[in-house]
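User: I am new to this structure and would like a short walk through it. Could you show it to me first?

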Amino acid sequence: MPIITGAKVIVTCPGRNFVTLKIETDEGVYGLGDATLNGRELSVASYLTDHVIPCLIGRDAHRIEDIWQYLYKGAYWRRGPVTMTAIAAVDMALWDIKGKVAGLPVYQLLGGASREGVMVYGHANGTTVEDTVKVALEYQAQGYKAIRLQCGVPGMASTYGVSKDKYFYEPADADLPTENVWNTSKYMRVVPELFKAAREALGWDVHLLHDIHHRLTPIEAGRLGKDLEPYRPFWLEDATPAENQEAFRLIRQHTTAPLAVGEIFNSIWDAKDLIQNQLIDYIRATVVHAGGITHLRRIAALADLYQIRTGCHGATDLSPVCMAAALHFDLSVPNFGIQEYMRHTEETDAVFPHAYSFADGMMHPGDKPGLGVDLDEELAAKYEYKRAFLPVNRLEDGTMYNW
Ligand SMILES: O=C(O)[C@@H](O)[C@@H](O)[C@H](O)[C@H](O)CO
Ligand SMILES: [Mg+2]
């Protein structure tokens, strides 16, 4: 059995910050885990270095479940994004080691492939409806079967999800938080126009998604859902903040538009009531922020009882290590829905060489043993950490609002 002999945290910034845990064993096999928490990266780096790694040395790397329980119950201060991201990184690295020792890709250890490939969605965004539809047509031409639509709001200087350079949307854009301004009624007027124009241009054989990004009240979300029903959205994401899981019942009472939530969830407890009351259709929790592959399988198993499918978060601030782990999970999980795929930059891909691939709207993790992703430490060392914050959001009268 491979004994953990050491572990280290590698922080690198090839255009944006990534935190990676590398666990080494006495058999010379090592594993990688993504530990990136956008805008709070160093808190997870410290949690791992100062509070987790000392407890790992000398343990049997094959004991993934026992180590998971040790780090979860042993923390005493359970749950939360920092703790669960740190646990996720350890979990991913241990699955990577187990696969490498077994000579199998991780999805084979999770029960094997349940499908030929993983359907992904890309991000089409633009300042106007026309710009956004034009980019969506480019994604359709590249073979994407699912496309997320985000456009600017007339009269608003900026809004979530619309980037200057179209393809590489990076929200952590400044040394201190950028201040965005928001107007719900202007937003609620433009989104139905966007979906109408997109359906006219792209037709009905492509899934169209939208991320509300926590900005509506439940009744506003119900109204927007109703307005979009004629255009058959694949899902409306983060319709309203989900601390109050019950709030989604109000949305459900007004619209059949499918609901997705959970990219900021970090444990099954964040989603339990949403799932058991069938208040959502897709759970967006990710490998890197929800306790790793081990815990995400538990969330997916509960969701499966209620015909809720997975729709894992996959933005550029989740590293290629997380992407690789997510694809192994996606290929195997029975109630798979869709996987978000925001391409990383070439700089990032060079630091994290990987076996996963994209073709015709689908992805596959590859068949290399373990997760099939590596980290070029020499290259990573060239990219110093650079503090970057996510934006904040205010209403036009200055009231702090959800971002
Ligand atoms: O659905 C999404 O991809 C977004 O919600 C993300 O871009 C999110 O804003 C970032 O991951 C936050 O770091
Ligand atoms: Mg989102």
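Analyst: What follows covers a ligand shell, a helix pair and a backbone feature. This is a predicted model, in which local features need pLDDT of at least 70, side-chain atom pairs count only at pLDDT 80 or more, and totals for chains, interfaces and linings use all residues. Residues are numbered from 1 along each chain as its sequence is written, while chains are lettered from A and ligands numbered from 1 in the order in which they are written.

User: Which residues are around ligand 1?

Analyst: They are N38, P171, D211, H213, E263, H313, A315, D317, E340 and L390, each with its C-beta atom, placed from the backbone, within 6 Å of the ligand.

User: And how do the residues of that shell divide by class?

Analyst: The shell has 3 nonpolar, 3 polar and 4 charged residues. Ala, Val, Leu, Ile, Met, Phe, Trp, Tyr, Cys and Pro count as nonpolar, Asp, Glu, Lys and Arg as charged, and the others, Gly among them, as polar.

User: New topic: at what angle do α5 and α6 pack?

Analyst: Helix α5 (residues 129-141) and helix α6 (residues 184-202) pack at about 40°, with their axes 10 Å apart. Helices here are DSSP runs (H or I, at least four residues), numbered from the N terminus. Axes are lines fitted to C-alpha atoms over the stretch in contact, and angles run from 0 to 180 degrees between N-to-C directions.

User: What does that make their orientation?

Analyst: The two helices, α5 and α6, are therefore oblique to each other; angles under 35 degrees count as roughly parallel, over 145 as roughly antiparallel, 65 to 115 as roughly perpendicular and the rest as oblique.

User: Lastly, what is the phi of R79?

Analyst: R79 is not a glycine, yet has a positive phi of about 65°. Most residues other than glycine have a negative phi.
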